[in-house]
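Open the model in your viewer and keep the selection tool at hand. The tour goes stop by stop: select, look, move on.

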Amino acid sequence: MSELFKVSPSFVPKPHAWGKFELADPITHFFLCEFVDMELKLPEPNAFCTRLAEIHQNSISPVGKFGFSVPNCHGKILQRNEWDSSWASFFTKLLVSFLQLKVSINGPWEEYERAFEKIVSTVIPQLLEPLQAEGRVLKPSLVHGDLWEENAAIDLSTGNPVVFDASAFYAHNEYELGTWRRQIIKFGRPYFHQYFRKFPQSEPAEQCDDRIRLYSLKFNLAHMIGWPGAPHVREE
């Protein structure tokens, strides 16, 4: 949240303090930020996507790579974020770690795991390696990392959109939109349309939709980890 606030202080509540309780069992951490009187409803697509695209465009990775400077979490899930100059390599490690955790919690699912092997060996190289091939340069952009309607609202004092509860790191900016492809998420076509008006699709542009579908797998796995055994999660 601190990194997001540095780039867009009017879009993110100001962090004040964070840390670990000295006496707590189980281990407990805390995070305190500015109080924002907000209404939990979908923000207007144009204003929301303008601010989101500005974060992606204006943020600068401190080492010029994908990842983050400290370990952090997606919800309660520790996510791999070691620096990597290759986005395909970084995303592969991130996705595999989430699958491994999903299997450890929910048990094996042979059909899914066989399909997943093909994704790692074939789909990821075909869709992500071209982003940094043939002279293309892919900018690591700071992403919120878990941007769905429960983590966005309207600031009642200004009328502007505000976001919170991030799992930020430096990524391909289109990764941010992966969660929007999930069936239960309410950020629909108007948000994709407005976002790409502000930040055009990466080349090769014809693979953009497939890339976002690929990115959505990470968010599906996170949901399966967070709600183990739920029938609707497995079907989705």
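**Stop one: α3 and α4**

Select α3 together with helix α4, residues 110-128. This is a predicted model. The axes of α3 and α4 come within 10 Å and cross at roughly 170°. Angles over 145 degrees count as roughly antiparallel, so α3 is roughly antiparallel to α4. Their crossing is right-handed.

Now show side chains. From α3, the contact uses W87, A88, F91, T92, L95, V96, L99 and V103. From α4, show Y112, E113, F116, I119, V120, I124 and L128. Colour this contact of α3 with α4 by class: 13 residues are nonpolar, one is polar and one is charged.

**Stop two: α3 and α6**

Is the crossing of α3 and α6 left-handed or right-handed? It is left-handed.

On the α3 side, select W87, F91, L94, L95, F98, L99, L101, K102, I105 and N106. On the α6 side, select L214, Y215, L217, K218, L221, A222, M224 and I225. The contact of α3 with α6 holds 15 nonpolar residues, one polar and two charged.

W87, F91, L95 and L99 are among its residues in the contact with α4. W87, F91, L95 and L99 are also among its residues in the contact with α6.

**Stop three: α2 and α5**

Clear the view. Select helix α2, residues 45-58, and helix α5, residues 189-198. Their axes come within 8 Å and cross at roughly 45°. α2 and α5 are therefore oblique to each other. The crossing of α2 and α5 is right-handed.

α2 brings P45, N46, F48, C49, T50, L52, A53, H56 and Q57 to the contact. α5 brings P190, Y191, Q194, Y195 and K198. By class, this contact of α2 with α5 has eight nonpolar residues, five polar and one charged.

**Stop four: the largest pocket**

The largest pocket has a volume of about 960 Å³. Which residues are closest to its centre? Select M1, F31, N72, C73 and A166. The lining of this pocket has 28 residues.

Next, colour α1 (2-7), β1 (15-20), β2 (29-33) and β4 (72-74). Each of these elements supplies at least two residues of the pocket lining. β2 gives the most, with four residues. Across the lining of the largest pocket, 16 residues are nonpolar, eight are polar and four are charged.

**Stop five: the largest cavity**

How many cavities of 30 Å³ or more are there? The count is one. About 30 Å³ of space lies in the largest cavity.

To find the largest cavity, select its lining: L4, F11, L52, I55, H144, L147, V163 and E176. Six of these lining residues are nonpolar, one is polar and one is charged.

Notes. Residues numbered from 1 in each chain as written. Predicted model: local features only at pLDDT ≥ 70, side-chain atom pairs only at ≥ 80, totals over all residues. Heavy atoms only, no water. Axes fitted to C-alpha atoms, helices over the stretch in contact; angles between N-to-C directions. Parallel < 35°, antiparallel > 145°, perpendicular 65-115°, else oblique. Left-handed = near helix turned anticlockwise from the far one by under 90°. Contact = heavy atoms within 4.5 Å. Nonpolar A, V, L, I, M, F, W, Y, C, P; charged D, E, K, R; others polar. 1 Å grid on protein atoms, 1.4 Å probe; cavity = no way out; pocket = protein on both sides within 12 Å on 5 of 7 lines; lining within 4 Å. Points joined across faces, edges and corners; volume = space filled by probe spheres on them.
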